[in-house]
Amino acid sequence: MTSAAFGGAAEPGWEAVEADFRGNFERGEETGASVAVYHRGRPVVHLWGGSFDGTERPYDDSTLQLVFSTTKGITAIAVAICVQRGLLSYDAPVARYWPEFAAKGKGEATVAQLLSHQCGLFSVQGDITLAEALDWPTITARLADTEPEWPIGSTHGYHALTYGWLAGEVVRRVDPQHRGIGRFVAEEIVGPTGTELYIGLPEALEPRVAPITGSPLAQDNADMDPAVKAMIEQFMGPNTRGGRALSLNGAFSVDGAFNRRDVHAAEIPAANGITNSISLARIYASTFAEVDGVRLLDPAVLERARTTVTPDNEPDACLIMPTTFGMGFMTHGPFTPYAGPGSYGHPGAGGSVAFAQPERELSFAYVMNQPASNLANDARAQHLVDAVTTIIDAK
């Protein structure tokens, strides 16, 4: 791939990030991607390159990208804003705000337990269609009436899709305007930060969305390491907790589901955020410091939200490997190293990631349309993160 396929810039002193970004393409690891870095409240890297869809159409600064579970971090910020405004308490029972949630023995479950994937609601019970999952009243009513799959608080397991509807319904219930999560994020996060991110994409913007060119965790990938394939099959089978969580009992197993217009149009605040790297990096920078006069979260709320509340050595009940959660954020741990201790954010299936690390005055985001076979810690993104931290630490 030639240099003509690339755009954007890295400020002087940040050239190593651009070199690594181009290297990902030279190694054949990318179709189209972008990366952005904020440091000390300023954008110091914003790069894009490659192909929009595998053709001659370029992946450029107008491209929008679905980022799978990287969306969860934005939903966590929305919840934190509600806490900051006194509308919600992390320590209160969910049922205080959403009375129907108390069904099936969930009356004492706290918002904190819900956000840290401890409630055993990683899927619904029984069959569900994709159309039903895309209908907000239907999916939230089903979840409210679902019995936990383990005693609440006894362990944690990744609520791959359900986290967003659960957290989003809490936001809707406590918001004085009862806004859906898509509108809440647009008005309370995207608007103030001057960014572009959608949970529920307007149809007019569909032509700007780069299609996902493969399936994250695709088990029919001929190039996949056999050991990795065996591990994926172990926790991704249709009847396993992981498989049920990631597909919502098969509702999202339709080929190309996340390239579909109806999926883009719906509100799936755990998995269908559509945005770009510079917007994600700017939003995260705004969570811990002022960016052009805007700071989203107060220090005390942020500190609570980014503090790990799950054991860093306990296997995730759905993913098997250890995962670490704060209040909706995936925090620094073996599954999500980010830039080291203090980091908080969220990866997305196949490679996307966005996070902040106040200790380095850093926020970082990477998005792409060619997924790798992973849920987190994508090697392409981690090379870029390592280049960034090396530069900062040398300053």
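Leu248 is buried, with a relative accessible area of 0%, where buried means under 20% relative accessible area, exposed means over 50%, and partly exposed covers what is in between, computed with a 1.4 Å probe on protein chains only. This leucine lies in the loop between α10 (241–247) and α11 (261–265); helices here are DSSP runs of H or I with at least four residues, strands are runs of E with at least two, and both are numbered from the N terminus. The phi of Leu248 is near 55°, a positive value in a residue other than glycine. Most residues other than glycine have a negative phi.

## Basis of the values

This is a predicted model, in which local features need pLDDT of at least 70 and side-chain atom pairs count only at pLDDT 80 or more, whereas totals for chains, interfaces and linings use all residues. Residues are numbered from 1 along each chain as its sequence is written, and side-chain values use heavy atoms, with hydrogens and water left out.

## Lys104 and its partner

A positive phi is also found at Lys104, a residue other than glycine, where the angle is near 60°. Lys104 lies in the loop between α3 and α4 and is partly exposed, with a relative accessible area of 42%.

Lys104 also forms a salt bridge with Asp145, the closest N and O atoms being 3.6 Å apart; a salt bridge is a side-chain nitrogen of Lys or Arg within 4 Å of a carboxyl oxygen of Asp or Glu. Because Lys104 sits in the loop between α3 (94–97) and α4 (111–115), and Asp145 in the loop between α6 (136–144) and α7 (162–174), the pair ties together parts that are 41 residues apart in sequence. Asp145 is partly exposed, with a relative accessible area of 43%.

## Other salt bridges

Side chains of opposite charge can pair when their charged atoms come close. By the rule given above, the count comes to 24 salt bridges. One of them joins the side chains of Glu196 and Arg208, at 2.9 Å from N to O. Both residues lie in the loop between α8 (181–193) and β5 (209–210), so this pair ties together parts that are 12 residues apart in sequence. Glu196 counts as buried at 18% relative accessibility, while Arg208 is partly exposed, with a relative accessible area of 25%.

The side chains of Asp378 and Arg380 meet in a further salt bridge, at 3.0 Å from N to O. Asp378 counts as buried at 5% relative accessibility, and Arg380 counts as buried at 5% as well. Elsewhere, salt bridges that share partners join Arg85, Asp175, Arg179, Arg183, Glu187 and Glu188 into one network.

## Packing of α1 and α14

Two packed helices are described by the angle between their axes and the distance between the axes. Helix α1 (residues 15–26) and helix α14 (residues 379–394) pack at an angle of about 165°, with their axes 9 Å apart; the axes are lines fitted to C-alpha atoms over the stretch in contact, and angles run from 0 to 180 degrees between N-to-C directions. The two helices are therefore roughly antiparallel to each other, a term for angles over 145 degrees.

In this pair, Ala16, Val17, Asp20, Phe21 and Asn24 of α1 meet Arg380, His383, Leu384, Ala387, Val388 and Ile391 of α14, contact meaning heavy atoms within 4.5 Å. The residues of this contact divide into seven nonpolar, two polar and two charged, with Ala, Val, Leu, Ile, Met, Phe, Trp, Tyr, Cys and Pro counted as nonpolar, Asp, Glu, Lys and Arg as charged, and the others, Gly among them, as polar.

Technical notes. Angles under 35 degrees count as roughly parallel, over 145 as roughly antiparallel, 65 to 115 as roughly perpendicular and the rest as oblique.
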